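User: I've got a protein with a ligand on my screen and I'd like to walk through it with you. Can we start with the ligand and then move on to the strands?

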Amino acid sequence: MKIIEIDGGRKLNGTIRISGAKNATVALIPAAILTDEEATICNIPEITDTNDLCDILETLKVNVKRASESMIIDPTKMENIEITEKFSKKLRASYYFMGALLGKYGKAVMYFPGGCSIGSRPIDLHLKGFEALGATVTIDKNKYTVEAKELKGANIYLDIASVGATINIMLAAVKAKGKTIIDNAAKEPEIVNVATFLNNMGAKITGAGTSTIKIEGVDYLHKCFHEVIPDRIEAGTYIIIGALCGNPLKIDNVIPEHVDALISKLEEIGVDVEVGTDYVIINSGENYKSTTIKTAVYPGFPTDLQQPFSVLLTQCNGKSKVIETIFENRFMHIPYLRDLGADVTVKNQTATIIGPTKLTATSVVATDLRAGAAMVAAALLAEGTTRITNVEHILRGYEQLVEKLTGVGAKIRIKEI
Ligand code: EPZ
């Protein structure tokens, strides 16, 4: 097991460069099998999720050539075989192979996906979308067989603006006969990145980034080149760390509009933040005002940043609230924040935080990816040496976390125990 130790209480100064977006990458890699030639993708983050998806490509006999942060994916000799439970469970995004294999071959066989235990995370909307396109879904315990003689375009309304369901239905529909309309589609930037990738192959997708996406089925998808957008959640995490310990911290390679909701919240509580064309400079300060954040689908405040942001709220004067509306179990970091000295209580889907409180080092656990990021942020602030266990969760979504933080003056070590 890997652990991270952080000697906290230090100011951080310098520049952190943001990597390619995990939540785009984990959809782009499965989507790449849809091409009838080969796909080159650059700016891919070197994180464990990327490696896990490449392992799945290998089991499907897809030819993958990896350079440092780019990949050439050649599915021309691939085989449509069952993705085992072992591989399906490695990450939530394995389910994108369901849409991609269905879209390419008319059949997908795999198991219920893995992912952070932040809620029940059903996939009913994905399956409903596949059925609307003409597929039959057979479920045998955790095993899913989705198949269709012919996929036909359909009008699909999503009861929830689900990121995963929006992307998965897009993958299944690009080669379906006729037109598909996805209504109440999710609008996250990662969806736009995937739609652009598919259009670069010759797909006909319009409306990505709005709540209505239209897809005209095509017969052939050709060779293409594509770049992963910067990771807005990684950027947001380091921006929050800058508000806690920046002196100042420059976060480079950011698309500012992708972090709009965070920036406006930081300005509201009185954080000194400068937003440039593709960077953010942030200084830590004092006398931050308390506030309430309520998570929402894009462009609202992202659920993936509420856990790191709750660390900042422990330093704000007065009573702050975090209302989580997307997932039902996303407060697993709270007990560890309390162990560090925070005054936090949780009732139903609302965490109430009284600040400011001094945080003091102790041993904590990374219960899920973004809870782990919150522990790193708290440990950087806390006086003393904090030990974080289960850090495999964090390494899934933050490329070169230790190197990036060391580069701006953090005393952080990763150890195998
Ligand atoms: C994606 O998860 C992200 N993961 C999550 O990031 C992110 O928190 C989430 O979108 C919301 O933005 C990836 O992209 C790999 P959803 P996803 O489908 O697609 C319910 C991180 O930390 N729902 O938009 O699984 C679901 O239970 C991760 O990087 C259904 O009920 O999220 C949730 O309550 C965590 N039925 C809500 O919708 C379905 O069929 C939103 O889920 C699908 C979803």
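**Around the ligand**

Analyst: To begin with the ligand, 23 residues surround it, and the closest are R92, D124, S162, D304 and I326. A residue is near a molecule if one of its heavy atoms lies within 4 Å of it. This is a predicted model, in which local features need pLDDT of at least 70 and side-chain atom pairs count only at pLDDT 80 or more, while totals for chains, interfaces and linings use all residues. Residues are numbered from 1 along each chain as its sequence is written, and side-chain values use heavy atoms, with hydrogens and water left out.

User: What distance separates a polar side-chain atom of D304 from an oxygen atom of the ligand?

Analyst: A polar contact here is a pair of N or O atoms within 3.5 Å. Y95 makes one with a polar side-chain atom 2.9 Å from a ligand oxygen, and G164 uses a backbone N or O atom, also 2.9 Å from an oxygen of the ligand. For D304, the polar side-chain atom lies at 2.5 Å.

User: How much of the ligand's area does the protein bury?

Analyst: Areas come from the Shrake-Rupley method with a 1.4 Å probe. Taken alone, the ligand exposes 830 Å². The share of that buried by the protein is 92%.

User: Which elements give two or more residues to the shell around the ligand?

Analyst: Helices (H or I, at least four residues) and strands (E, at least two) are DSSP runs, numbered from the N terminus. By that naming, the elements giving two or more residues to the shell are α1 (22-31), α5 (124-132), α6 (163-173) and α12 (369-381).

User: By class, how many residues of the shell are charged?

Analyst: Asp, Glu, Lys and Arg count as charged; Ala, Val, Leu, Ile, Met, Phe, Trp, Tyr, Cys and Pro count as nonpolar; and the others, Gly among them, are polar. The shell has 11 nonpolar and five polar residues. Its charged residues number seven.

**Strands and turns**

User: Do β22 and β23 pair in the parallel or the antiparallel sense?

Analyst: Strand β22 covers residues 363-365 and joins β23 over three bridges. V364 has I388 as its bridge partner in β23. The sense of the pairing is parallel.

User: Which residue takes a positive phi in the hairpin of β20 and β21?

Analyst: Strand β20 (residues 343-347) joins β21 through five bridges, and the two run antiparallel. V344, for instance, stands opposite I353 in β21. The hairpin has two residues between the strands, and the one with a positive phi, near 55°, is N348.

User: And where is P356 found?

Analyst: The peptide bond from G355 to P356 is cis, with omega near -5°. P356 itself is found in the loop between β21 and β22.

User: What is the omega of the peptide bond from N247 to P248?

Analyst: P248 is found in strand β14 (residues 246-252). The bond from N247 to P248 is cis, and its omega is near -20°.

Definitions and conventions. A polar contact is a pair of N or O atoms within 3.5 Å; within protein, one must be able to donate a hydrogen and the other to accept it, and residues adjacent in sequence count only if both atoms are side-chain atoms. Two strands pair if DSSP finds at least two bridges between them.
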